[in-house]
Amino acid sequence: MGIITVATTPQSEPLPELHDLDDGGDDAVRRAAGTGESSRASRHWWDRNADEYQDEHGEFLGDDRFTWCPEGLDEASARLLGAVDGRDVLEIGAGAGQCSRWLRAQGARPVALDISHRQLQHSLRIDLARGASPVPVVQADAAVLPFAPESFDIACSAYGAVPFSADTARLMREVHRVLRPGGRWVFSVTHPIRWAFPDEPGVEGLTAISSYFDRTPYVEEDEQGRASYVEHHRTIGDRVRELVGAGFRLLDLIEPEWPEGLEQEWGGWSPLRGRLIPGTAIFVAERS
């Protein structure tokens, strides 16, 4: 099975070609970025950087491991999704499908969705190298899910899609739509408090320099002022309101502590910062 591509970018403007979006030396700013611009930037950034990302983080992620965060919390021990055997599971922002591969080994029927064609090619590469049937993969925007209502028992996302979507209230409604009653929705994101601090692993990353309440997106721009990378900030309260507004019941909010013995840095995540301030927030919700 190949990659099913669904044209669901939530804005009809044409997408520029990859060679028109060279992000070398792009400038970082805080400015507004709408749904179409954010979706377009994410698609092309991840297509450009998927190879480097998998080279750099592939060993930590594993080929068939479900890791929620840089702190190393595994679904194998956390069991945030509940029973998965025999369940239809949608992984949103799946990257190379590592979590979906673990889910399949537990008896689930996963579908791995990502906006990046190149990331999903890595999923196919891993399965072919293992001599396994490919995990079903779909290329689409998470805010416009190409599935019928009540198609899945569980939806999950480990640092995928949510931070890159300009309209996460819509994304939450879409997840609610495709889940069956009682279905669980679990997703991990950078802990919102981190937005007040520089994204640095050392001591310079321990002093707050921005307002936690400033929701202005982080945008990297090319020489023409076009967004090449976009992340959106929401407070803890924003996330709770989005979930409740979409029809979910919040079951738990988990802030993994930095584990003893983990010395590996991942971007702004480090033992120094991880032992002082939370780096990840995991929301566990249920469709009512």
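This is a guided tour of the structure above, stop by stop.

**Before you start**

The model is predicted: local features need pLDDT of at least 70, side-chain atom pairs count only at pLDDT 80 or more, and totals for chains, interfaces and linings use all residues. Residues are numbered from 1 along each chain as its sequence is written, and side-chain values use heavy atoms, with hydrogens and water left out.

**Stop 1: the whole chain**

Show the cartoon. The protein has seven helices and eleven strands. These are DSSP runs, numbered from the N terminus: helices are H or I with at least four residues, strands are E with at least two. The radius of gyration is 18 Å, close to the 19 Å of the globule rule for 288 residues, so the protein is as compact as a globular protein of that length. That radius is taken over C-alpha atoms, and the rule is 2.2 Å times the number of residues to the power 0.38. Along the principal axes, the C-alpha atoms fill a box of roughly 45 × 45 × 40 Å.

Of the 288 residues, 55% are buried. Buried means under 20% relative accessible area, exposed over 50%, and partly exposed in between (1.4 Å probe, protein chains only).

Now colour by charge. There are 29 positive and 47 negative side chains, and the centres of the two sets lie 7 Å apart. Lys and Arg count as positive, Asp and Glu as negative; His and the chain ends are not counted. Each charge is placed at NZ of Lys, CZ of Arg, CG of Asp or CD of Glu.

Contacts come next. Among those between residues at least 6 apart in sequence, 74% join residues at least 24 apart. A contact means heavy atoms within 4.5 Å.

**Stop 2: the nonpolar cores**

Select Leu90, Phe147, Val175 and Trp185. They have the most contacts inside the largest nonpolar core, which has 27 residues. Such a core is a set of buried Ala, Val, Leu, Ile, Met, Phe, Trp, Tyr and Cys residues joined through side-chain atoms within 4.5 Å. At least two residues of this core come from each of strand 3, strand 4 (109–114), strand 6, helix 5, strand 7, helix 6 and strand 11. Another core, of 17 residues, lies apart from it; Val89, Cys99, Ile254 and Ile282 are among its members.

**Stop 3: helix 5**

Select 168–178. Thr168, Leu171, Met172, Glu174, Val175, His176 and Val178 are buried in this helix. The cover over them includes strand 3 (88–92), strand 6 (152–158), strand 7 (179–190), helix 6 (236–246), strand 10 (248–254) and strand 11 (280–287).

Step across to Arg239 in helix 6. Arg239 is buried, at 4% relative accessibility. Beyond its neighbours within four places in sequence, Arg239 contacts Val162, Thr168, Phe187, His232, Arg234 and Phe283.

**Stop 4: helix 3**

Select 98–105. Six of the eight residues in helix 3 are buried: Gln98, Cys99, Ser100, Arg101, Trp102 and Leu103. They pack against helix 1, helix 2 (75–78), strand 3, strand 4, helix 4 (117–130) and strand 6. Gly107 follows the helix, with a positive phi near 100 degrees.

**Stop 5: Glu37**

Go to helix 1 (residues 35–61) and pick Glu37. Glu37 is buried, with a relative accessible area of 19%. Setting aside residues up to four places away in sequence, Glu37 touches Arg31, Ala32 and Ala227.

**Stop 6**

Glu150 sits in the loop between strand 5 (137–139) and strand 6. Its phi is positive, near 60 degrees, and it is not a glycine. Glu150 is partly exposed, at 40% relative accessibility.

Tyr159 is in the loop between strand 6 and helix 5. Phi of Tyr159 is also positive, near 60 degrees.

Finish at Gly268, in the loop between strand 10 and helix 7 (271–274). Gly268 is buried, at 0% relative accessibility. Not counting residues up to four places away in sequence, Gly268 touches Arg194, Asp199, Glu200, Pro201 and Arg273. Arg180 is 88 residues from Gly268 in sequence and 37 Å away, C-alpha to C-alpha.
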